[in-house]
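The sequence and the coordinates come first, and the discussion follows.

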Amino acid sequence: MVAVLWAAGMRDAEVRRARAVLGVGPGEGAVSGWRCVVERWWRWGKRRPEWGCVAGGLVIGLLGASVVPLVIGACAVPGAARVRRAREARGDRERRGDAVIGLCGLMAGEVRAGRQPGEALAVAVRESAALSGAGSAAVVAAARFGGDVSGALREAAREPGAEGLHGLAACWRVAVDRGAGLAAGLERLSGALRAERDQRADLKAQLAGPWSTAVMLAGLPVLGLLLGSAMGAQPLRVLLHTGAGVGCLVVGGVLEAVGMWWAVRVVRGAEVGG
């Protein structure tokens, strides 16, 4: 017993000494630990926002005393994750397209400054983010060691958003085979790609109005539930605890999903057609 008490006292003395050295108060360690946990979950939630469907379903389920909203929220996670991945893919595609435009302009400037085409291409690829690691290495190797530069560029153009590299490959082939001016061709290509990007941006701006209207209409049922709750009608109890309410919830959810799918299809079709 004496040995146990002595060991406990030594441990407490070491803990107090460590806190004094680190400048941490008696309760600050636990607070910082909880803070780290919360920050870690917050960062994870920012990377995976689709799990907010589960959190929202949990809150609505607690308010309505039903497990149905939680189940619906869990079922919505895969669809929300797919939407997030599609949005991230569109962002990557747009950034890669901008990088291809910068690559063409940078290479044209290097050629006009007196660099050889292979050296200019290698410098432009290194200083831009138009190509991924493998594609960048293949193009640089082909440019430095006399390989098939056009083939390497066409292979790199398979990445989404890098389709403009097909034009760069054509400019390279014409310049090498026929001795045409590479810088002039690259400048024309850069201008054409920039005009195409501006046209897509203008079309997206024109479609922002209809898309905002569709989103607003999709949110009207939620507004109706909030108004009903404010008036004391208890819409959650009706929807979650009565047969007619559950039927209306299922039919309304299906119609809502079909409507949003149709709106997305119309907007995407307009973007592709434009």
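How many contacts beyond four places in sequence does the model have for residues 27-31? The model has two such contacts for residues 27-31, a segment over which pLDDT stays under 50; here pLDDT is the predictor's confidence in each residue, from 0 to 100, and a contact means heavy atoms within 4.5 Å.

## Basis and confidence

This is a predicted model, in which local features need pLDDT of at least 70 and side-chain atom pairs count only at pLDDT 80 or more, whereas totals for chains, interfaces and linings use all residues. Residues are numbered from 1 along each chain as its sequence is written, and side-chain values use heavy atoms, with hydrogens and water left out.

The chain averages a pLDDT of 79, and 80% of the residues score at least 70. Over residues 1-11 pLDDT stays under 50, and for that segment the model has zero contacts beyond four places in sequence.

## Overall fold

The chain holds 12 helices and zero strands, where helices (H or I, at least four residues) and strands (E, at least two) are DSSP runs numbered from the N terminus. Of its 274 residues, 27% count as buried; buried means under 20% relative accessible area, exposed means over 50%, and partly exposed lies in between (1.4 Å probe, protein chains only).

Among contacts between residues at least 6 apart in sequence, 54% join residues at least 24 apart. The chain exposes about 17900 Å², of which carbon and sulfur atoms supply 65%; these areas come from the Shrake-Rupley method with a 1.4 Å probe, and for residues only the protein chains shown count as cover.

Leaving aside neighbours within four places in sequence, Leu165 is in contact with Val100, Leu103, Leu131, Leu153, Ala156 and Ala157.

Helix H7 is largely enclosed by the rest of the structure, because six of its eight residues are buried. These are Val149, Ser150, Gly151, Ala152, Leu153 and Ala156. Ser150, with a relative accessibility of 7%, counts as buried, and, not counting residues up to four places away in sequence, Ser150 touches Ala169, Trp172 and Arg173.

## Surface patch and backbone

Val246, Val250, Val254, Val258, Trp261, Trp262 and Val266 form a nonpolar patch on the surface, with about 680 Å² of accessible area together.

Ala65, although not a glycine, has a positive phi of about 55°; Ala65 is found in the loop between helix H3 (52-64) and H4 and is exposed, with a relative accessible area of 60%. Gln234, also a residue other than glycine, has a positive phi near 55°. Gln234 lies in the loop between helix H10 (220-230) and helix H11 (235-241) and is partly exposed, at a relative accessible area of 47%.

## Salt bridges

With a salt bridge taken as a side-chain nitrogen of Lys or Arg within 4 Å of a carboxyl oxygen of Asp or Glu, the count comes to 12. Glu94 forms one with Lys204, the closest N and O atoms being 2.4 Å apart; Glu94 lies in helix H4 and Lys204 in helix H9, so this pair ties together parts that are 110 residues apart in sequence. Glu94 is partly exposed at 41% relative accessibility, and Lys204 is partly exposed at 40%.

Arg158 pairs with Glu155, with the closest N and O atoms 3.4 Å apart; Arg158 counts as exposed at 65% relative accessibility, whereas Glu155 is partly exposed at 47%. In the salt bridge of Asp198 with Arg197, the closest N and O atoms are 3.7 Å apart. Elsewhere, salt bridges that share partners join Glu50, Arg84 and Glu88 into one network.

Terms used: Patches are made of residues with over 30% relative accessible area and no salt bridge: like charges are joined within 9 Å, nonpolar side chains (Val, Leu, Ile, Met, Phe, Trp, Tyr) within 5 Å.
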